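Take a walk through this fold, from its overall outline to a few individual residues. Start with the view below.

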Amino acid sequence: MDQDKTLGEIIAEAREKKGLSQRQLAKLANINNSELSKIEAGVRAEPNPKILRKISNYIDVNYNDLMYKIGMGLEVTPLNYFIKNHYSNLNLEQLQNAELNILGHIQNLQELVDSCKKSLNDEELPESQKELLMNTISDNEYQINSDNEIIKLIQSLKVKERNKNAKK
């Protein structure tokens with residue numbers, strides 16, 4: 001996500017990329033058109049998280065990214081300075097342990113996602129529960145993708161650490 005863009009710019013660009021007008025997106029997300037207009041214009045700098053969730057479902061921008069943009073979440077990509085700095089300060093053994101922990105986390109999240117997807121097939125499940133399941137799936141798939149990016153970071157750091165140890 002582009003750090004220089006405002007929340008409104010991100011939403012407007014994603015909406016336009018999907019070929020939606022403000023009115024169409026507002027209708028899909030079941031929100032007031034003037035509310036969406038205010039968010040995109042930056043008049044409403046910190047919209048209700050429930051509204052962001054509704055909007056994110058239709059514009060291919062993850063809800064967690066929108067929450068981060070308004071200061072209500074943590075950027076979990078390895079581009080995050082704090083995450084990158086943390087792993088960069090670990091020795092080889094610590095990196096290997098971190099990798100195993102994250103791989104276990106990915107496996108647990110994937111099992112949760114799979115379970116939620118199965119539950120979606122229940123014909124008697126109320127719409128509100130289906131929406132909650134879809135949001136849970138989306139949030140956990142986002143975390144899985146972020147964890148996979150961190151695994152790539154750890155693997156590159158392990159190579160550097162091995163090369164450094166080989167030169168000693």
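Two residues are in contact when heavy atoms lie within 4.5 Å of each other. On that basis, 64% of the contacts in the chain with a separation of 6 or more join residues 24 or more positions apart. The model is predicted.

Now the architecture. The chain has eight helices and zero strands. Read along the sequence, the pattern is α-α-α-α-α-α-α-α.

Next, the outline. The C-alpha trace spans about 65 × 45 × 25 Å along its principal axes. The radius of gyration of the chain is 20 Å, whereas a compact globule of 168 residues would come near 15 Å.

Turn to the interior. Buried residues make up 37% of the 168 residues. The largest nonpolar core holds 20 residues. Ile-11, Leu-52 and Ile-55 have the most contacts inside this core. Which elements give two or more residues to this core? They are helix H1 (7–17), helix H2 (22–29), helix H3 (33–41), helix H4 (49–59) and helix H5 (63–69).

Leaving aside residues up to four places away in sequence, Leu-52 touches Leu-7, Ile-11, Pro-47, Tyr-63, Leu-66, Met-67 and Ile-70. There is also a second, separate core, with 18 residues. Its members include Ile-83, Leu-90, Ile-150 and Ile-154.

Ala-41 sits in helix H3. Is Ala-41 buried or exposed? Its relative accessible area is 59%, and the cut-off for exposed is over 50%, so Ala-41 counts as exposed. Between Ala-41 and Leu-66 there are 15 Å in space, C-alpha to C-alpha, and the two are 25 residues apart in sequence.

Finally, the backbone. Most residues other than glycine have a negative phi. Asn-30 lies in the loop between H2 and H3, and is exposed at 62% relative accessibility. Asp-60 also has a positive phi, near 60°. The loop between H4 and H5 holds Asp-60. With 64% relative accessibility, Asp-60 is exposed.

Note on methods: Residues numbered from 1 in each chain as written. Predicted model: local features only at pLDDT ≥ 70, side-chain atom pairs only at ≥ 80, totals over all residues. Heavy atoms only, no water. Helix = DSSP H or I, 4+ residues; strand = E, 2+ residues; numbered from the N terminus. Rg over C-alpha atoms; globule rule 2.2 N^0.38 Å. Buried < 20%, exposed > 50% of the residue type's maximum accessible area, 1.4 Å probe, protein only. Core = buried A, V, L, I, M, F, W, Y, C linked by side-chain atoms within 4.5 Å.
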